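Reader: Hi! Could you walk me through this protein model?

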Amino acid sequence: MVVLSKPAITQHFSKPKHTAAAAAAALSFPGVPLIDLSKPDPQTQLVKACEEFGFFKVTNHGVPIHSIRELEAQAVKFFSLPSSDKSKAGPPDPFGYGDKKIGLNGDVGWVEYLLFTTNNQSSYHKFSSIFGEAAENFRCVVNEYVAAVKKMACEILEMLAEGLKIQQRDAFSKLLMDEQSDSVFRLNHYPPCPEFKESNGRNLIGFGEHTDPQIISVLRSNNTSGLQISLKDGNWISVPADQDSFFVNVGDSLQVMTNGRFKSVKHRVVTNTSKSRLSMIYFGGPPLSEKIAPLPSLIKGEEDSLYKEFTWFEYKKSAYKSRLADNRLGLFEKIAA
Ligand SMILES: C=C1C[C@]23C[C@@]1(O)CC[C@H]2[C@@]12CC[C@H](O)[C@@](C)(C(=O)O1)[C@H]2[C@@H]3C(=O)O
Ligand SMILES: O=C(O)CCC(=O)C(=O)O
Ligand SMILES: [Fe+2]
């Protein structure tokens, strides 16, 4: 277990709402779709999971265990440093170390984090002042992990294209494979939050509800729970932690490219009262100049495109002006006649 020092509570954090309806929904939920990548033909299962939940869990993923362990060790080492050292790797503008403040528009969470680009290494400069020569080691460990997770993400995207009967198998994966792919890597550390244990049994928000803007997100965490997803009826479901598996989210861009057939899942993280949560997320995005629009083969019969075409640059620019919980795709939806 990762046990790191906890920061003082200095700000007001919202609390997730718990209702009887949410408890009932949790009881009827069949569980997070589980896809074993070593089994033949997971295409149909993958498509179904993306349509129903926009979220699934993957086992037999092929990401080397040593790569996961080394990255976790580096992350624990970094987040254990004194705040005065960690803040030298900030601010997250948009890459670097951040503490409690998420984005630029007033969102806060019980979380500290590191954000990196994956296609240019400039986000590592801030590290050299803290880690010295070890910064190079940190960079190698992150690069090795990201390469392995990106490979898995591309394989999943190719199976999804096959499952959707898209002629071009790499219609989605080529965007992540592109040298200019605007992908992001994030390490999140949620310190335990015991101060509120007695208040009313509820946990605070670690990372507020949102959808991910990119094509696909691949998340791995330690064995501390906290991640929740929103079902279509709006009820929240806790995702049991599993440090040996990966969790995959459909992002807004994939929802658009599939003309709304796949759902960009709303998710959030609640804090744990006694254990710290450490998560590592790869957000696979397209090049900035890429035009995002529904693939023609996915617009059925008389159906119209639900979205106006936009470039990833345009989407990102508007996303970074939004609050976490905003419906970022709203601006790009076509108004039904
Ligand atoms: C409040 C914000 C943080 C965020 C940029 C934004 O303005 C809206 C989207 C947020 C999000 C969510 C998914 C990823 O964690 C992230 C890196 C991304 O691409 O979009 C974050 C952004 C962030 O933390 O900078
Ligand atoms: O840390 C987690 O488990 C999820 C965080 C998340 O959704 C994000 O960083 O976009
Ligand atoms: Fe997210």
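**Overview of the chain**

Author: The secondary structure of the chain comes to 10 helices and 14 strands. Helices (H or I, at least four residues) and strands (E, at least two) are DSSP runs, numbered from the N terminus. This is a predicted model, in which local features need pLDDT of at least 70, side-chain atom pairs count only at pLDDT 80 or more, and totals for chains, interfaces and linings use all residues. Residues are numbered from 1 along each chain as its sequence is written, while chains are lettered from A and ligands numbered from 1 in the order in which they are written.

Reader: Now the sheets. What is the strand order in the open sheet of 8 strands?
Author: The order is β1-β2-β10-β7-β12-β5-β4-β3, and the pairing is mixed. Two strands pair if DSSP finds at least two bridges between them.

Reader: Which strands stand at the edges there?
Author: β1 (34-36) and β3 (96-102) do; each has a single partner strand, so one side of each is left without a neighbour in the sheet. The twist averages 25° from one strand to the next. Axes here are lines fitted to C-alpha atoms, for helices over the stretch in contact, and angles run from 0 to 180 degrees between N-to-C directions.

Reader: How do β1 and β2 run, parallel or antiparallel?
Author: Parallel: 3 bridges join β1 to β2 (residues 55-59). Asp 36 has Thr 59 in β2 as its bridge partner.

Reader: And which strands does α2 touch?
Author: α2 packs on the sheet against β1, β2 and β10 (246-250), and its direction makes about 155° with that of β1. Contact between two residues means that their C-beta atoms, placed from the backbone, lie within 7 Å. Another helix, α3 (residues 65-79), lies across β4 (107-117), β5 (184-190), β7 (216-221) and β12 (277-284), running at about 115° to β12.

Reader: Back to α2. At what angle do α2 and α6 cross?
Author: The axes of α2 (residues 43-52) and α6 (residues 134-163) come within 8 Å and cross at roughly 90°. That makes α2 roughly perpendicular to α6; the label covers 65 to 115 degrees, with under 35 roughly parallel, over 145 roughly antiparallel and the rest oblique.

Reader: Which residues meet there?
Author: From α2 come Gln 43, Thr 44, Leu 46, Val 47 and Cys 50, and from α6 come Ile 156, Met 159, Leu 160, Glu 162 and Gly 163.

Reader: New topic: what about the open sheet of 4 strands?
Author: Its order is β6-β11-β8-β9, with antiparallel pairing. β6 and β9 (236-238) stand at the edges, each with a single partner strand, so one side of each is left without a neighbour in the sheet.

Reader: Is β6 mostly covered or mostly open, and how many of its residues are buried?
Author: Mostly covered, as 5 of the 6 residues of β6 (205-210) are buried. β6 pairs with β11 (residues 267-270) over 3 bridges, and Phe 207 stands opposite Val 269 in β11.

Reader: Last one: which residues of α10 are buried?
Author: In α10 (residues 312-319) they are Trp 312, Tyr 315 and Ala 319. They cover an arc of only 65° around the axis, which puts them on the same side of α10; the arc is that of the directions from the helix axis to the C-beta atoms. These buried residues pack against α9 (252-257), β13 (291-292) and β14 (310-311).

Definitions and conventions: A residue is buried if 20 or more other C-beta atoms lie within 10 Å of its own, exposed if 12 or fewer, and partly exposed in between; C-beta atoms are placed from the backbone.
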